[in-house]
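Dear colleague,

Please find below the structure that I am handing over to you. My notes on it follow directly after.

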Amino acid sequence: MSVLREEKATPRMGTAIGNMIVDISDVTRVNGASLELSFFEDRIVDVQLMEGYKISEPVSFSGNLTNTNGILELDGRLKTGYKVTCYRCLKEIERQLEIKVFESIVNSKSDIDELDAYTYTGNFLELDKIIEDNIILNFPMKQVCTQECKGLCQKCGANLNEGSCSCQEDSVNPQMESLKNFFH
């Protein structure tokens, strides 16, 4: 493993993970060279990466970094846990995230013209942004505690999973009264 950590370093602007730095000097010299990576990052626990999503478990990654004609290919598996509120009833729930990561990383001085490509400079590669982006992009848009979740009453806000509320069914909106008979 060649992951270096600066324990007292503060996260760089735009990331919450910190400094996960890999020495890639041996990999960049030889086409086809590979480096096995494995890390466990616990400094991100209780960090909110995106509104409504909070990391609840350490982030772990295992995989390889391979030089393929000057392009570094990061290939591996990332695991973590997160907390999010149920979209329907607002209850806090915990979920696991296990994803396949495959990213191409180009030398910032190369002629390859990819606007969205990750880049490296010199003999070190910072994995922070790559890992954080992969986590954020794999968060599901809407989470529900169970598929049977009834949500909240639209009038009083009562959690309908815990019982019914005393709100009565609405009668037809007076402005739509004439349409009521149209569908019967």
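How many residues lie between strand 7 and strand 8 in the hairpin that they form, and which residue in the turn has a positive phi? There are 6 residues between the two strands, and leucine 90 in the turn has a positive phi of about 70°.

Before the remaining findings, a note on conventions. This is a predicted model, in which local features need pLDDT of at least 70 and side-chain atom pairs count only at pLDDT 80 or more, whereas totals for chains, interfaces and linings use all residues. Residues are numbered from 1 along each chain as its sequence is written, and side-chain values use heavy atoms, with hydrogens and water left out.

Overall composition

The chain contains 3 helices and 10 strands (DSSP runs numbered from the N terminus: H or I of at least four residues for helices, E of at least two for strands). From the N terminus on, the order of elements is β-β-α-β-β-β-β-β-β-β-β-α-α. Of the 184 residues, 34% count as buried (under 20% relative accessible area, with exposed over 50% and partly exposed in between; 1.4 Å probe, protein chains only). Among contacts (heavy atoms within 4.5 Å) between residues at least 6 apart in sequence, 58% join residues at least 24 apart. The chain exposes about 11,900 Å², of which carbon and sulfur atoms supply 48% (Shrake-Rupley method, 1.4 Å probe).

Strand pairing around strand 7

Strand 7 (residues 71-85) pairs with strand 5 (residues 53-55) in the antiparallel sense over 3 bridges; pairing requires that DSSP find at least two bridges between two strands. In this pairing isoleucine 55 stands opposite tyrosine 82. Strand 6 (residues 59-68) also runs antiparallel to strand 7, joined to it by 9 bridges, and phenylalanine 61 faces leucine 78 there. Strands 6 and 7 form a hairpin with 2 residues between them, and asparagine 69 in that turn has a positive phi of about 55°. Strand 8 (residues 92-107) is antiparallel to strand 7 as well, with 14 bridges; leucine 74 stands opposite glutamate 103 in strand 8.

Aromatic pairs

Rings of Phe, Tyr and Trp (its six-membered ring) pair if their centres lie within 6.5 Å; planes under 30 degrees apart count as stacked, over 60 as edge-to-face and the rest as tilted. By this rule there are 4 aromatic pairs. The rings of tyrosine 53 and tyrosine 82 have centres 5.9 Å apart and planes at 40°, so this pair is tilted. It links strand 5 to strand 7, across 29 residues of sequence. Tyrosine 53 counts as buried at 5% relative accessibility, and tyrosine 82 is buried at 2%. The rings of tyrosine 53 and phenylalanine 139 have centres 4.4 Å apart and planes at 15°, so this pair is stacked. Phenylalanine 139 lies in the loop between helix 2 (128-137) and helix 3 (177-180), so its pairing with tyrosine 53 in strand 5 ties together parts 86 residues apart in sequence. Tyr53, Tyr82 and Phe139 form one aromatic cluster.

Leaving aside residues up to four places away in sequence, isoleucine 135 touches Leu49, Ile55, Val59, Leu78, Leu97 and Ile99.

With kind regards
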